[in-house]
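This briefing goes with the sequence and the 3D structure shown here. Please read it with both in view.

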Amino acid sequence: MKVTNNSKINYDIDQLRFFIRDTKKVKRTASQEIEINPIYILNNVAKIDGETENTFVFALPKFTIPEKKYLAIQLMEKNGGRHVELHVKNTKLVQVTVLPKL
């Protein structure tokens with residue numbers, strides 16, 4: 001995942017989190033959210049300097065996503081309001097590269 005900071009202000013990363021969530025939230029029903037902890041993150045930096053980019057590579061445990069759910073990737077800024085959330089459906093996940101066991 002490549003993150004580009006187009007502003008002149010540094011983006012101090014508070015947390016990078018992964019969830020499986022329901023696509024639709026009905027008011028009267030409980031929605032389910034499952035957090036997935038990454039096994040490994042390459043280029044896990046504390047900040048992205050202004051007008052630069054960083055490429056994160058992360059390894060997650062093997063999983064599939066049911067039809068009406070998606071993978072949410074959250075990147076939260078420390079002491080700020082610039083929060084980024086990426087939604088990935090199962091059709092994209094089946095195209096990932098599986099790394100061989102060492």
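**Surface patch**

Ile 39, Tyr 40, Leu 42 and Val 57 make up a nonpolar patch on the surface, and their accessible area together is about 400 Å². Patches are built from residues with over 30% relative accessible area and no salt bridge; like charges are joined within 9 Å, and nonpolar side chains (Val, Leu, Ile, Met, Phe, Trp, Tyr) within 5 Å. Accessible areas come from the Shrake-Rupley method with a 1.4 Å probe, and for residues only the protein chains shown count as cover. Tyr 40 has its place in strand S4.

The model is predicted: local features need pLDDT of at least 70, side-chain atom pairs count only at pLDDT 80 or more, and totals for chains, interfaces and linings use all residues. Residues are numbered from 1 along each chain as its sequence is written, and side-chain values use heavy atoms, with hydrogens and water left out.

**Overall make-up**

- Along the sequence, the pattern of the protein chain reads β-β-β-β-β-β-β-β-β-α.
- The C-alpha trace of the protein chain spans about 45 × 40 × 20 Å along its principal axes.
- Of the 102 residues in the protein chain, 25% count as buried; buried means under 20% relative accessible area, exposed over 50%, and partly exposed in between (1.4 Å probe, protein chains only).

**Largest pocket**

- The largest pocket has a volume of about 1100 Å³.
- Of the 29 residues lining the largest pocket, Phe 58, Ala 59, Leu 60, Val 96 and Thr 97 are the closest to its centre.
- Two or more lining residues come from each of strand S4 (40-42), strand S7 (57-59), strand S8 (69-77), strand S9 (84-88) and helix H1 (90-93).
- By type, the lining of the largest pocket divides into 22 nonpolar, four polar and three charged residues. Ala, Val, Leu, Ile, Met, Phe, Trp, Tyr, Cys and Pro count as nonpolar, Asp, Glu, Lys and Arg as charged, and the others, Gly among them, as polar.
- On a 1 Å grid over the protein atoms alone, a pocket is an open set of points with protein on both sides within 12 Å along at least five of seven lines, whereas a cavity is a set where a 1.4 Å probe fits but cannot get out; lining residues have an atom within 4 Å of a point. Grid points are joined across faces, edges and corners, and a volume is the space filled by probe spheres set on the points.

**Salt bridges**

- A search of the whole structure finds eight salt bridges, each being a side-chain nitrogen of Lys or Arg within 4 Å of a carboxyl oxygen of Asp or Glu.
- Lys 8 and Glu 51 meet through their side chains in a salt bridge (3.0 Å, N to O). This pair links distant parts of the chain, 43 residues apart: Lys 8 is in the loop between strand S1 (2-5) and strand S2 (11-22), and Glu 51 is in the loop between strand S5 (47-48) and strand S6 (52-55). Lys 8 and Glu 51 are both exposed.
- Arg 21 and Glu 33 form a salt bridge (2.5 Å, N to O). Twelve residues separate Arg 21 in strand S2 from Glu 33 in strand S3 (residues 33-36).
- Arg 21 counts as buried because its relative accessibility is 11%, while Glu 33, at 45%, counts as partly exposed.
- Glu 85 also forms a salt bridge with Arg 21 (2.7 Å, N to O). Glu 85 is in strand S9 and Arg 21 in strand S2, 64 residues apart. Glu 85 is partly exposed, with a relative accessible area of 35%.
- Salt bridges link Arg 21, Glu 33 and Glu 85 in a network.

**Loop residues**

- Most residues other than glycine have a negative phi.
- Asn 43, not a glycine, has a positive phi of about 65°. Asn 43 sits in the loop between S4 and S5 and is partly exposed, with a relative accessible area of 37%.
- Asn 79, also not a glycine, has a positive phi of about 55°. Asn 79 is in the loop between S8 and S9 and counts as exposed at 82% relative accessibility.
- Gly 81 lies in the loop between S8 and S9 and counts as exposed at 67% relative accessibility.
- Gly 81 and Leu 16 are 65 residues apart in sequence and 15 Å apart in space, C-alpha to C-alpha.

Definitions and conventions. Helices (H or I, at least four residues) and strands (E, at least two) are DSSP runs, numbered from the N terminus.
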